[in-house]
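Please keep the model in view while reading.

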Amino acid sequence: SVGKSSIWITIIMGLLYRGRKVLIISNEQKCKVCKVAVIVWLLYKRFHYTKITRKDMLNGNISDEDKQMIKVVQDYWARTYKGKLKFIAIPDADMAFVKKKIREYVLRFGFDTVLYDTMKCDFSDSKDDKEWVRLIKDSREFDKIAKRYNIIMLASMQLSIAMQGRLWLDASTLSMSKQVKETCETLMLMRSVYQEELDPDNKKFYIRPFRRKLQDGKWIEEEYICDPTAVWRVLFVDKNRNGQDSAGDGVAYLLKFRGQYCCFSESCLCRPRHGTI
């Protein structure tokens, strides 16, 4: 797993910090998993507490000290974010139900951000449309809703299993319909980083990480050495209506992944190779 739930938690907490009200509708995860991820994220990022992980929380392997810190997080949540995050779990990709819930929480409760996880076909649908056609229609429905109610609309999709090992990601690596890209304002794609890509001596696959540094009034690129023992993810911006995309300058983002704490941190930029591994 590339840590999809963790990247969502990182995005959600950033939106909540900026005063947004976020509605999560998920056909893959249960509410308990989301709550645990939020608690562990706050323990690590807000209170710098590292003695408890997501696995510990899910297995109930917590000490008295852990319980005290969890209570601290709960009190902090009640003071800071109570009423600003709602999670709805659904059994399948029922678009009629999803649209109904979005309208309800936007109009009745003032939610201004919706996260839909995961965008895929509802195979129980009796319509004759092919699966990829339905996904295009669903993406356009989301686009209409976002524009009609002036809200932020986020959705996740899976990458095609057949594309595993591909080093450069673009819309062609999406599972099911690639045409959903047409409705996106921003399309970001993420994959795991292979160990060969972190080896500077491996010229064929080296991911060429770097940081930009201001020197004498000019931005220069300074090589960055990645910790080979850490877990890394690379993020491509395949479409960006408000700025540069990865295809334009060949640059992607290298993120350090701490899955046990549901956290990502942007470490540097990189220039992934084209090809497969």
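**A helix and a cavity**

The buried residues of helix α4 make their packing contacts with α2 and with α3 (54-59). The model under discussion is a predicted one. Helix α4 covers residues 64-80, 17 residues in all, and its span from first C-alpha to last is 24 Å, close to the 24 Å expected at 1.5 Å a residue.

Which residues of α4 are buried? They are Asp-66, Met-69, Ile-70, Val-73 and Tyr-76. When α4 is viewed down its axis, these buried residues fall within an arc of 120°, so they line one face of the helix.

Rolling a probe the size of a water molecule over the atoms shows where empty space is left. The structure contains 1 cavity of 30 Å³ or more, and the largest cavity has a volume of about 120 Å³. Its lining comprises 14 residues, of which Trp-8, Ile-9, Gln-29, Cys-34 and Phe-87 are the closest to the centre.

Two or more lining residues come from each of α1 (4-17), β1 (22-26), α2 (31-45) and β3 (113-117). Helix α1 gives the most to this lining, with 4 residues. By class, the lining of the largest cavity has 9 nonpolar, 3 polar and 2 charged residues.

Conventions
Residues are numbered from 1 along each chain as its sequence is written. This is a predicted model: local features need pLDDT of at least 70, side-chain atom pairs count only at pLDDT 80 or more; totals for chains, interfaces and linings use all residues. Side-chain values use heavy atoms; hydrogens and water are left out. On a 1 Å grid over the protein atoms alone, a cavity is a set of points where a 1.4 Å probe fits but cannot get out, and a pocket is an open set with protein on both sides within 12 Å along at least five of seven lines; lining residues have an atom within 4 Å of a point. Grid points are joined across faces, edges and corners, and a volume is the space filled by probe spheres set on the points. Ala, Val, Leu, Ile, Met, Phe, Trp, Tyr, Cys and Pro count as nonpolar, Asp, Glu, Lys and Arg as charged, and the others, Gly among them, as polar. The expected span of a helix is 1.5 Å times one less than its number of residues. Buried means under 20% relative accessible area, exposed over 50%, partly exposed in between (1.4 Å probe, protein chains only). The arc is that of the directions from the helix axis to the C-beta atoms. Contact means heavy atoms within 4.5 Å.
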